[in-house]
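Open your viewer and get ready to select a few things in turn. We will go from single residues out to the sheet and back again.

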Amino acid sequence: MQNDPQSSAESELLVCVKCRRGAEAPADDRRPGRRLYDRLCALGPPEGVRLRAVECLQNCEAGCTVALRGAGRWTYVYGQLDDEAHAETLLDGAGRYHATADGLIPWRERPEHFKRNCVARVPPATFPDPVQETDQ
C-alpha cells in the first residue's frame with residue numbers, strides 16, 4: 001500500500017492536555033494529559049505522525065484520552081491512558097495506524113491497550129454506505 005496516496009498523508013495523534021485522569025488538578029497545574037503530551041514530544045512521534053495538543057476530548061473521568069486521525073482514515077479515540085506508563089504504547093500504535101491506508105489496524109497487531117480501551121471509532125468523512133451496498 002506504499003503507492004496509496006492516503007497511506008503517505010500525515011496522521012495526527014491528538015492529546016487532551018486538560019485531562020486530570022478523574023482527579024483534582026495538581027498543585028503545579030501540570031495535568032496528567034499535559035505530562036503525557038510532554039513525554040510524547042520528548043520521545044518524538046513516528047515518521048508521518050504529527051503530535052497535537054487539544055483542549056478537551058470530553059472523556060474526563062476515563063483517564064488520559066487521545067485520538068488518532070488522518071485523511072481517508074477511521075478516527076479512533078482511546079482512554080484510560082497513564083501519562084507515565086503508556087507513551088511508548090501510544091507511539092507504537094500511532095506508527096501502526098499511520099502504516100495503514102484506512103486506519104484499521106488488524107486486531108492481532110494492535111497494542112494491547114488499544115484493544116481494551118477504545119472509546120470511539122468514527123468513519124472517515126467519505127465512506128461507502130454498507131446498507132446501500134447490500135440493498136443493490
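Is Cys-19 buried or exposed? Select Cys-19: it is buried, with a relative accessible area of 5% (buried means under 20% relative accessible area, exposed over 50%, partly exposed in between, with a 1.4 Å probe and protein chains only).

A word on what you are looking at: this is a predicted model, in which local features need pLDDT of at least 70 and side-chain atom pairs count only at pLDDT 80 or more, while totals for chains, interfaces and linings use all residues. Residues are numbered from 1 along each chain as its sequence is written, and side-chain values use heavy atoms, with hydrogens and water left out.

**Stop 1: the cysteines.** Searching the whole structure turns up zero disulfides (pairs of cysteine sulfur atoms within 2.5 Å). For Cys-19, the nearest cysteine sulfur belongs to Cys-64, 3.8 Å away. Now pick Cys-60, which is partly exposed at 40% relative accessibility; its nearest cysteine sulfur is that of Cys-56, at 4.3 Å.

**Stop 2: the sheet.** Switch to cartoon view and find the open sheet of five strands, ordered β2-β1-β3-β4-β5 with mixed pairing. Strands (E, at least two residues) and helices (H or I, at least four) are DSSP runs, numbered from the N terminus, and two strands pair if DSSP finds at least two bridges between them. At the edges are β2 and β5 (118–122); each has a single partner strand, so one side of each lacks a neighbour in the sheet. Next, colour β3 and β4, an antiparallel pair with four bridges. Here Ala-67 stands opposite Val-77 in β4.

Stop 3: Then show Leu-40 and its contacts (heavy atoms within 4.5 Å): leaving aside residues up to four places away in sequence, they include Leu-13, Val-15 and Leu-91.

**Stop 4: His-113.** Finish in helix α4 (residues 112–116), where you will find His-113. What does the side chain of His-113 reach at 3.0 Å? Draw a distance to the backbone oxygen of Gly-79, a polar contact (N or O atoms within 3.5 Å; within protein, one able to donate a hydrogen and the other to accept it, and residues adjacent in sequence counting only if both atoms are side-chain atoms). His-113 is buried, at 13% relative accessible area.
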